[in-house]
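Have a look at the protein below before reading on.

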Amino acid sequence: MHLKTNMMLTIVAVALILGSVGDFLFSPEGPWNVSGSIWVALLSLFALFINRRGGRVWLRKLLTWSGIAFAVSLLLTIRDAEALIPLVLLVQVACASAVLMQANKKTLIAARVEEFLIALFALPVQMVTRFFRLIGDLPFFEMVHSPRLKGVLRGLLIVAPLLVVFTLLFSSADANFERYTLALGDLISVELPQHVLSIALMSAFSAGLLLCTMPELSNQSGLQSRPLKNRMNFLRSLGDEEIAVIMGSLVILFLVFVLLQFGYLFGGRETIEQVDDLTLATYARRGFFELIAVSLLTLVVLLWMSSTQCNQRIFRPMAVVLVVCVLFIMASAAQRLYLYSETFGLTLSRVLAAAIMLWLAGNLVSFIATLLRSGGIGFAFGMFASGIATVTLLGLANPAAIVTRVNLSKAITSSQEQSIDIRYLTRLGADAVPPLLERIHHLPSYQQFIVAYELITRYGGERIEDEKNDWRTWNASRSKAKALVAEHYNELVRLAEQIRFVPK
């Protein structure tokens, strides 16, 4: 690692600051709230500071990906949906991988899918490798013998006993000061090892990320796919016969399945229910995720085939037919999802599945468009960018509120009181509270009781009022939910008292 001593010390100092701030911010409930956004913003600012001499072009790229990572992290501040957490984390990792690729002089638009995947898996490896290289290159011997460090240590040895004496005197003189001193002593004796370990791990993580943003270290990154390509040469050169057999077999299989699905796809409920031993619920439930897996696997196969040295005149027309078949298959999966949601209600997992399905369909169309126009150049970046856009739009759309509104509308207009699981809606998080309160009086009486009890238990009552307001755990949706429940508290208590069970 070719870094000057001052730069290495700066990175260590910045990493320790980020580790300490992370330990402080994430202690209560983790980074799934405003604290995570604050930490990402600090990491981005320090990355820009360390790379301040990297040139305007590089700073612009770094600012772009840092801004995207920060903007997506805000979704966990404005939404209270646990389902978004892994998606947001995936986007954060993708942004860091994009920075690593560009630090290694790779053009994202021209990059292939395998290069994005290599960067994704290489990121943690590079973080660990560069961190240990940094530690190994630090001039510990020179720092230990530094006159300044010796002066600092000498000063600490002199002032330590004075601090102890003055602290004891102040504690004896003032009960309030004594209470804080005892609390600090308990913190040091019980939680200090945990905080030290947390700060060390967070600092190492921060240092690894910061080092991955430095273009001057790109020569040591090892982000080359040549060894992989050399091992996979037997899969990278396919003759006309092999291409015709592989693609032709897949096309025939997919066409047969599509033809069998035509009746179900356009015949509606009546056609499905006419088949022996096939109920609407069985049809809707069976095979949905399998069809999504088929679509994803088909995309992987097409990407592999397009990267081989094959006859494009044979491959391209068959690829177009295969993609059209997959789009019909996805339409069948969408119909199953719609029928199941119509019958049993909408859930958060079904909304996420629909979003993934739309993303896959868009990328299949994009694959054909880029394949026919430019041989597939630009598809990988489009897939990468559309994934980030999908997660962002999904978070902004507020899926928990959508699920709640749709199911409440179904319950209100339906004559069957058992048509929805009202407890499930109350446990979707704070985003579900506004639509629940808007339509609580339109629900059957026993469902009103359940909603009132759950909302008071989770967002109101004495237990909530007694909780300490910790700004590190602040969330916009939870804050709004608590305010709404407080506003309707008396009304909710009245509904809950009707079953003589008011939560405390």
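What follows is a short tour of a helix and its surroundings, then of the salt bridges.

First, some ground rules. This is a predicted model, in which local features need pLDDT of at least 70 and side-chain atom pairs count only at pLDDT 80 or more, while totals for chains, interfaces and linings use all residues. Residues are numbered from 1 along each chain as its sequence is written, and side-chain values use heavy atoms, with hydrogens and water left out.

**Helix H3**

Helices here are DSSP runs (H or I, at least four residues), numbered from the N terminus. H3 covers residues 56-73, and at 1.5 Å a residue its 18 residues should span 26 Å; the end C-alpha atoms are 25 Å apart, which agrees. That expected span is 1.5 Å times one less than the number of residues.

Which residues of H3 are buried? They are Trp-58, Leu-62, Trp-65, Ser-66, Ala-69, Val-72 and Ser-73. These residues cover an arc of only 125° around the axis, so they sit on the same side of H3. (The arc is taken from the directions from the helix axis to the C-beta atoms.) "Buried" means under 20% relative accessible area, "exposed" over 50%, and "partly exposed" in between, using a 1.4 Å probe and protein chains only. On the other side of H3 you'll find Arg-56, Val-57, Arg-60 and Leu-63, which are exposed.

So what covers the buried residues of H3? The cover includes helices H2 (34-50), H4 (75-78), H5 (84-103) and H17 (379-397). Contact here means heavy atoms within 4.5 Å.

**Salt bridges**

Side chains of opposite charge can pair when their charged atoms come close. The rule used here asks for a side-chain nitrogen of Lys or Arg within 4 Å of a carboxyl oxygen of Asp or Glu, and it gives a count of 6 salt bridges. Here are some of them:

| Pair | Closest N to O |
|---|---|
| Asp-431 and Arg-79 | 4.0 Å |
| Arg-427 and Glu-454 | 3.2 Å |

Glu-454 is buried at 4%, whereas Arg-427 is partly exposed at 48%. Arg-458 is partly exposed at 34%. Arg-458 and Glu-454 are 4 residues apart in helix H21, which means about one helical turn separates them. Through shared partners, salt bridges join Arg-423, Arg-427, Glu-454 and Arg-458 into one network.

Note on methods:
Helix = DSSP H or I, 4+ residues; strand = E, 2+ residues; numbered from the N terminus.
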